[in-house]
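Welcome! Here is a short tour of one protein model, taken a region at a time.

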Amino acid sequence: MGLQGALVSSITGIQANSTAISNSAVNIANASTAGYKASTTIFSTLVTDSGGGGVSARSKILVESQGLIESTGRDTDLSINGNGFFGVQDNGGSTLLTRTGDFDINNSGELVNSSGNKLLGWPLDNDGKLPGETGNANTTAAESIESLEVVDTNSAAGTASATTTVRMGLNLNAGQSVFQGATAVLDFTSTANASMASTDIIVPAAGMQGGDTITFTSNSIATIFTYGGIAKSFDVSRTTTFGATSTANTFSASTTAPILTADDKFTITVGSGTHTFTYKVSSPDTANGEFNSFDSLATAINLKTGLTARTFGTILYVSSDVGNEAVTFSDVASSNLHYELGFSNVAAAASGVNRFNTVAGLDTLIQASTIPDLDSVVKNASNGVSINIFSADPTDLMVVAKNQATVVTNLQSRENGTNGVLDLIVPVTVTSTSPASSMVIGTSTLVLDDDQVAAGNGLTLTYGGIDESGDITVAPATFGSSLPASAFSAGIANGDTLLINDGGGATTFTYLAVGTPDTSAGSGQFNSLTTLAEAINNSTDFVGKIANNRMYVSPVNAALEITYTQGGGNTADFVTDMGLTNVAAAAGRFSTLSGLAILINADADYTATATGTSSGALTITADTGTLEFGDSANDLMAELGLADNSDVGDGFFTELKVEDSGGTQLVAATASSASIAASYDPTNVDKNMSGGKVGVHFPRNITIFDSLGTGHDFRMSFLKTGSNEWSVEFYALTPSEVSGVGTDGLVKNGTIVFNGDGTLRSVSSALSAAIDIDWTTGATKNSITFDLGTAGASSGTTGAVLGLTDGLRQFDSAYNVEFVEQNGVAAGQFSGIEVAEDGTVNAKFSNGEVKAIYRLPILTVANQNALQAKSGNVYLTTQLSGEINLKKAGAGGAGTIVPKSLEGSTADIANELVNTIAIQANYNANAAAVSIVKAMTEELNRRV
């Protein structure tokens, strides 16, 4: 190779290093260009057949190299980690590839990078679907370049979203009291009961009587409560008790009948046990059960567990704390004390009977689990007590009704208070302390009326058919005796006989002078007024009794006559000396409770049942209609324990004064019943939460957005209306904004029920189904679905869908709202974009809404390094690079999008500066070679 070849080789070297220095300069210049891919210089040898040669140089861009990803925090900065490019469009409309992701929103709302190229993406429909997906009106396949559009944020400018779903998560306090339902207030009007405590006995004032009932009907269940279970002492205003004429008077010891001596005892037995009470002449220790008056006895009884007592007026009342229990009296040793005080046993209430005698007892009955349809609250328990009885279901009305068809009678006087139903009812002694209307033989009548016809359907029965002897204590002595129990001794001989005839044959009674007489039936022996009365009472046809120092006689059937005959040859003149008088027969007459029952049962309109061999009782019922009583002088009713009013139950309603919660009396004394309206009715503006008339247990406000983006204030209110059950109302706070609602704005109401473990059991369909709201504002109708949680059975229920606590729940803790979420938003203005890692471009609005408007594809080619670089850090496809493929970020080998970051340049300044030193050395060497060849050529030419 000659000098010419050497010159050419050196010149190619200069040219190749010029290319290399140019590439290094470009790389250095773009060291800060986002997404820039550095170029490298490829040198190759040139060799000729003549032995000469040189070097060639070409530039190569390493497109596939990955730059460092650097976070910028800007929503519009994007980078790709891995294979692929952003698709951009130049001003000529050509689709280009780039890794430069420094985009901004231009004045046209388009995303444009620093080179002025516009970002391309798949436009999404309102459901977020890509072009070509089923349901998208844009049918261009997403795999086609034609499916891409310039990302234009103007497509999302200004938006609103109507509320379609509301999710709620909150705790309703399980300890919340159930809202009080239809309420009857039982207050007391009489002096006797107006100031009593809840545990005091309700005394039968103002015409109340044992056996009176009051019925509460709620939820179609009728529950009857019966007043009674109370034992009473003698009324000291009618008959003196041990010298006492008032309950405060101390008793006087006596060795004559009735006998009372120190330390006489009697017992009272109730369910809690047996308690003993002892008479002390003075200074009784009531804590030890000692007494010397009715008042001190009341104190002693009240100090015993399970017993309660109270004196009022002239009577001592005693009962068990539990009204259904029996009260049993027994004397200790030879004492006859409880009889002398006038107490008689009280039988236990029949099974299923709800008997009460105190307000506390009535409250206990109502609170029992066996009466789930009612509830009660005692007011002023210590003094002036009343009780609110209300329906357990506030949505149900309650009916209050009194008994008008049944009454239970007991004889009241000392003379008759211990009678069995077969014992003779004798007249009550008229004393200075007795009422002038005491019973009078042969003139007292009892009238029953069931008021079935306008003229009444009365049954008149007469007390009588009784003869009485003279007072044996009044001189002269009767057969030498001045006391009923003293044996006869004068004017009478052994074997003297008295024959008593009831019109069906005579019964003979024989005086026995020596020995103990046999008073049994068939024998009929006697030796005193007392044993004669016993013999008469033991006979088949007659009843007899000693009272008030007299002997009383009546046929078993008091309608029959009484005639007396003395035996032939008698020494005794029974009729004259004893003051006996024949009694004529008369229909409709009675002298025992059993006889009274027989007469009543003979009338088809009434039923009577007599029970008790001692302290007997008579239950009288009108088979239809009401039951009314009357008597000739109000004396017989008093003895039978009947109230002074004529209608059964009237006094009960008078005394109870049944009121509503506002204090208005609901039931007149003469009324049979009254209905009390439900206290809560969600559809009644005067009785619901939305109308403001019912206090809300827990409210929660909710903003509902219409299709125009206008927010409307609604409220969901909760009211506990049963055990684990809540009523719910959803209503507009501005009713005028909603079409088809009333003044209360109520849109929907329903109920929710919880399981015993606090999980959600059920939601009524009115709340679980979609709720439509029609607006008066011109907005499109909303259809809203409430998600209140997962409803189902309690935990541990095999094979069932279980209720959860993922929404509403009920635990015994404070009301607490965890979340209330609804998907509507007010109208908002575009405020920017954010891009997700999957390439979704979300538009952000001032109302907080985020809406997906585009999705960025990753564009790939088979050979990235074969792409043709163009100005603006973009690339065109070539035949060697292959066609563009559109892929979702992260799919099919495509890289992923890294939001808020940029890919750095792959140019390394340090490396480039080192390279320029080598290039410069190479360049200088080649330039020196040219100079040497030139010098040699000139030397050659000079020599030639």
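## The second largest pocket

By class, 14 nonpolar, 16 polar and six charged residues make up the lining of the second largest pocket. Here Ala, Val, Leu, Ile, Met, Phe, Trp, Tyr, Cys and Pro count as nonpolar, Asp, Glu, Lys and Arg as charged, and the others, Gly among them, as polar. A pocket is an open set of points on a 1 Å grid over the protein atoms alone, where a 1.4 Å probe fits, with protein on both sides within 12 Å along at least five of seven lines; lining residues have an atom within 4 Å of a point.

There are 36 lining residues, and Ala257, Glu340, Ile546, Ala547 and Asn548 lie nearest the centre of this pocket. Helix H3 (337-341), helix H5 (529-538) and strand E34 (542-547) are the elements that give two or more residues to the lining. Helices (H or I, at least four residues) and strands (E, at least two) are DSSP runs, numbered from the N terminus.

## How to read the model

This is a predicted model, in which local features need pLDDT of at least 70 and side-chain atom pairs count only at pLDDT 80 or more, while totals for chains, interfaces and linings use all residues. Residues are numbered from 1 along each chain as its sequence is written, and side-chain values use heavy atoms, with hydrogens and water left out.

Look next for an open, antiparallel sheet of three strands in the order E16-E21-E20. Two strands pair if DSSP finds at least two bridges between them. Strand E16 (230-232) and strand E20 (307-312) each have a single partner strand, so one side of each is left without a neighbour in the sheet. Six bridges join E20 to strand E21 (residues 315-320), and phenylalanine 312 has isoleucine 315 in E21 as its bridge partner.

Helix H2 (residues 294-302) lies across E20 and E21.

Back at H5, Leu529, Thr531, Leu532, Ala533, Ala535 and Ile536 are buried. Among the elements that cover them are E34 and helix H6 (574-578).

The peptide bond from alanine 475 to proline 476 is cis, with omega near 0°; proline 476 sits in the loop between strand E30 (467-468) and E31. Aspartate 263, in the loop between E16 and E17, has a positive phi of about 75° although it is not a glycine.

Methods:
Contact means heavy atoms within 4.5 Å. Axes are lines fitted to C-alpha atoms, for helices over the stretch in contact, and angles run from 0 to 180 degrees between N-to-C directions. Buried means under 20% relative accessible area, exposed over 50%, partly exposed in between (1.4 Å probe, protein chains only).
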